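I am opening a notebook on a structure that is new to me, and I will write down what I looked up in the order in which I looked.

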Amino acid sequence: MSFFKRLKDRFVPPEENDDLLPLEPLDDNINDKSAETERTVISQPVPQEQLKKKTDDWDFSFDDDDLMSIEEFEELEAQQIGAKFRQGLEKSRENFQNKLNDLLAHYRTVDEDFFEALEEMLIQADVGFNTVMELVESLRFEAKRQNITETKDLREVIVEKIVEIYEQEDDELQTMNIQEEGLTVILMVGVNGVGKTTTIGKLAHRYRQQGKTVMLAAGDTFRAGAIEQLQVWGDRVGVEVVKQNEGSDPAAVMFDAVNAAKAKKVDILICDTAGRLQNKANLMNELQKVKKVISKSVPGAPHEVLLALDATTGQNALVQAKAFKEVTDVTGIVLTKLDGTAKGGIVLAIRNELHIPVKFVGLGEKLDDLQPFDAESYVYGLFADMIEASGVESEEETTETTDPDAG
Ligand SMILES: Nc1nc2c(ncn2[C@@H]2O[C@H](COP(=O)(O)OP(=O)(O)OP(=O)(O)O)[C@@H](O)[C@H]2O)c(=O)[nH]1
Ligand SMILES: [Mg+2]
């Protein structure tokens, strides 16, 4: 099966399923006050102890006539994820798709001029110099191997190579290190304003939806209003926030929080920290102190140190990541505000040049706009129209197929 066809089958709902879509958004914008009031009526958070008890006693022996099968559920879920990436990457898609189509129209034959123009296009989309060189080199090779002479026949190969270049790194690291037994501690770090606190709120929501109990630690004692901001998220998602006064020692907050989480047998503790500039040594050292306090109370913790990077800052995000990587073991990146940039290629640069997996991407400001990163969902978001149009096109061109394995 062709690569585009596979993506299409995975993410695009078949015609007859149209009545199931568009899917209801899980939640509304935090700034939308009217929706806020309405939501509190419909979805009062269940107290966590109750939730835990409830999921423990669940009775699965009900009549299953109205239930969808696991396969149907997974299909619907994939389509929902596809729709999220499609929506969140709209700006980048306009950029990537249009430019690629322009290139293919301008350069009809596969030659050095075409590859150079492609390199330039990808570099402008923040893919990162080294990654672009590697990508285009493998395209040159593939074009030769498959004897592709017309650029239009390279379209699918280009998209496929993007996935390959992302996935060549170790796959195991991609998933979150969530403990099956006992407490998991997640530490969120990053410079000011990148979206740490918002991401914590979204993450807490995600884990709550999976039936886990969650607690938050208000480790940003530095910025005025930071503790209140986290508390708003805590109230919204229905999870407890451990906090002290503004100006207190963040390591002391973490100490309290870890002990409270252990005592209450919470599944996941997510710790907020103050935004810090990567070139301020004292603040960076403070992170090490916070980490030490956590690991003393829970051996092996923090299980994840997530670095939030703002996708709209482009190559600067790479500079930040390098600096944080030097002082602390960053286990994953949360790339926020991907919806706000047309240069979504930054994902590839991060993965390929830093060797840190992008674990989540922020695709908007709503609660369910934080999605686990997945290379295929990402390229679907970047090239959705092209992918969706692909079958139709090839039906028209069946006689012209260049795939040596076809027929
Ligand atoms: N569009 C969009 N906006 C986002 C996303 N993630 C965060 N934001 C916005 O980014 C702004 C800053 O987010 P915060 O969560 O306060 O950032 P922070 O890193 O905690 O900032 P400090 O506490 O000041 O260091 C807010 O207006 C968020 O709504 C995203 O994925 N997409
Ligand atoms: Mg914050």
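**Overall picture**

I began with contacts, where two residues count as touching if their C-beta atoms, placed from the backbone, lie within 7 Å; among those in the protein chain between residues at least 6 apart in sequence, 77% join residues at least 24 apart. I note that this is a predicted model, in which local features need pLDDT of at least 70 and side-chain atom pairs count only at pLDDT 80 or more, while totals for chains, interfaces and linings use all residues. Residues are numbered from 1 along each chain as its sequence is written, and chains are lettered from A and ligands numbered from 1 in the order in which they are written.

I then looked up the secondary structure, which comes to 15 helices and eight strands, taken as DSSP runs numbered from the N terminus (helices are H or I of at least four residues, strands are E of at least two). Of the 407 residues in the protein chain, 40% are buried; a residue is buried if 20 or more other C-beta atoms, placed from the backbone, lie within 10 Å of its own, exposed if 12 or fewer, and partly exposed in between.

I found an open sheet of eight strands in the order 3-2-4-1-5-6-7-8, with mixed pairing, where two strands pair if DSSP finds at least two bridges between them. Strand 3 (240–242) and strand 8 (370–372) stand at the edges with a single partner strand each, so one side of each has no neighbour in the sheet. From one strand to the next the twist averages 25°, with angles running from 0 to 180 degrees between N-to-C directions and axes being lines fitted to C-alpha atoms, for helices over the stretch in contact.

**Strand 5 and its partners**

I asked which residues of strand 5 are buried on each of its faces. On one side they are E304, L306, A308 and D310, and on the other V305, L307 and L309. Strand 1 (residues 184–189) runs parallel to strand 5 (residues 304–310) and is joined to strand 5 by four bridges, with L187 opposite V305. Strand 5 also pairs in the parallel sense with strand 6 (residues 332–336), over five bridges, and here A308 stands opposite V334.

**A residue in strand 7**

I next looked up F360, which lies in strand 7 (residues 358–362), and F360 is buried because 22 other C-beta atoms are within 10 Å. The C-alpha atoms of F360 and V334 are separated by 4.8 Å, although the two residues are 26 apart along the chain. Leaving aside neighbours within four places in sequence, F360 is in contact with V334, L370, Q371, P372 and F373.

**Two packed helices**

Last, I looked at helix 6 (residues 112–124) and helix 7 (residues 129–145), which pack at an angle of about 145° with their axes 10 Å apart. The contact is made by F115, L118, E119, L122 and I123 of helix 6 and by F129, V132, L135, V136 and R140 of helix 7.
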